[in-house]
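Please look at the sequence and the model together.

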Amino acid sequence: MNISNYIDSQKVYDDMLVMNSFGTRLTGSDGQDAFCKWIKNEIAKMGIEVHTTPYTFKRWEATDVALSVDGKDVHVSSPFPYSGLTGKFGVSGKLVEVGNHPLGFVRAAGKIAVCHIKNLSKISSKIAFDKRKSLPTDLEIEKSYRGPVSTSFVKTLLTFWSARLSGMKGMVCIWEDMSDMMVEGQVLNFILHYLGVPIVWVNQTDGKAVLEAAKAHKSANLKLVGTLEDARTESFYAVIKGKKDTNESIIVNTHTDGCNFCEENGAIGLLRMMEYFKQHPTDRNLVFAFVTGHFRLPNFRTGTDQATSRFLADNKQVWKGKKGGYKAVAGCSVEHLGCTEWKDVDGVYKETNPIDVEIVYTGNKAVDDIYYQAIKERDNVRTMTLRGHNFLHFGEGQPLFNKHIPEIALVTAPDYLCSVSDNNHMDKYNHELCCEQICTFIKCVEILDKKSRKELGKAQGYSIGLGKLK
């Protein structure tokens, strides 16, 4: 693929470094605020107007975290987001092993629970995924979709609500069957509401000492100092008017909150797409949406949807087609560009492929075909398209899908997706891949634009039952 026909590769790289310079950009943080101001300034340089929707919410932030067991310090991999906070001296109590079952939490009243969070291995991926096609054609979905993200989402939902009701003083969660390097700094999970109980993550190596102490009925001190206070954040969008006199639009969306180079760098892609389409306008109107709240979904989603659902609810003029507004006929969701694949191999976390599988949701067969047409000239490709399945659809393309807008949504999910690191995981960044993916979405928009509304159709809706993995 000749990238220079579409974008300035060096500009993409420079923008990535600028984004990283703002540090961790979780919802409502100073880093996210600085990033959003920079994005809006870049859009203004193109001579395009920005429309902003502000929000306020209660933002949680940990400022000091520590764990000592039987008087000895234990390394904490990360605090559990939006869990409870302690005073500066922490909370002390006897350790009790609770496994990972609601009934076990009853024993933890007035104590500090020790909970096992073992890598997924028994829950079939057929429950969550339904494959359409792939390139290469022999790509398969793991039989059990493993790793920190999926494991934390599945294994901390019901049990952690039980923890809130149990009267425990705190909880230590031990990652199991995952390397210490893989689980370090994970901001997981971010889909639960304010839990009230202070919780920390500990890796498997350091967790052994915690488990032994729990079995010996020893005590621990858990400190999780932080703030829970009002914070401001915002979503915003910009429109590049089409050449034709039409109210039809194509939405291109991403989110602006994240914690490393890939989560979330979609805005870097959108800026280059906007620069291209400013010079090469489409027939239809293009709406570029930069959404907040992905890392604070309980406050920003509607129903069980992703954060873009709040944006759509508050900005009906860009998609619903009423009262002079735009009518969205298709959408593209751009997330997690340039990801290499890193996996545990014999207990060692290392690069296993220069391209992590590009998970792409496509809203129907017509847009699925368009995606594969758009990647024909790619030099670096390892991609798989999925249909939303059993009411599950990961990433910010889901709200478009749920509004019956046929979407093409990139949501690659490396195991380091939600982890904080000193170098923003730039050692795992594939720049050429990133640029090709941006060019792919430029081509997707161009092809979508040439199709009639009838040819594009509507999103199919979710498939139900056991999905296809290959």
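This is a predicted model: local features need pLDDT of at least 70, side-chain atom pairs count only at pLDDT 80 or more; totals for chains, interfaces and linings use all residues.

Residues are numbered from 1 along each chain as its sequence is written, and side-chain values use heavy atoms, leaving out hydrogens and water.

A nonpolar core is a set of buried Ala, Val, Leu, Ile, Met, Phe, Trp, Tyr and Cys residues joined through side-chain atoms within 4.5 Å. Buried means under 20% relative accessible area, exposed over 50%, and partly exposed in between (1.4 Å probe, protein chains only). The largest core has 111 residues, and Met171, Met273, Phe288 and Ile408 have the most contacts inside it. Its largest share, 10 residues, comes from helix α12 (residues 431-450); helices (H or I, at least four residues) and strands (E, at least two) are DSSP runs, numbered from the N terminus. A second, separate core of 25 residues includes Leu95, Ile174, Tyr194 and Leu211.

Helix α4 (residues 158-166) has the buried residues Thr159, Phe160, Ser162, Ala163 and Ser166. They lie on the same side of α4 because they cover an arc of only 150 degrees around the axis, an arc taken from the directions from the helix axis to the C-beta atoms. The face turned away from this buried side carries the exposed residues Leu158 and Leu165. Just after α4, Gly167 takes a positive phi of about 80 degrees.

Ile123 is partly exposed, with a relative accessible area of 39%.
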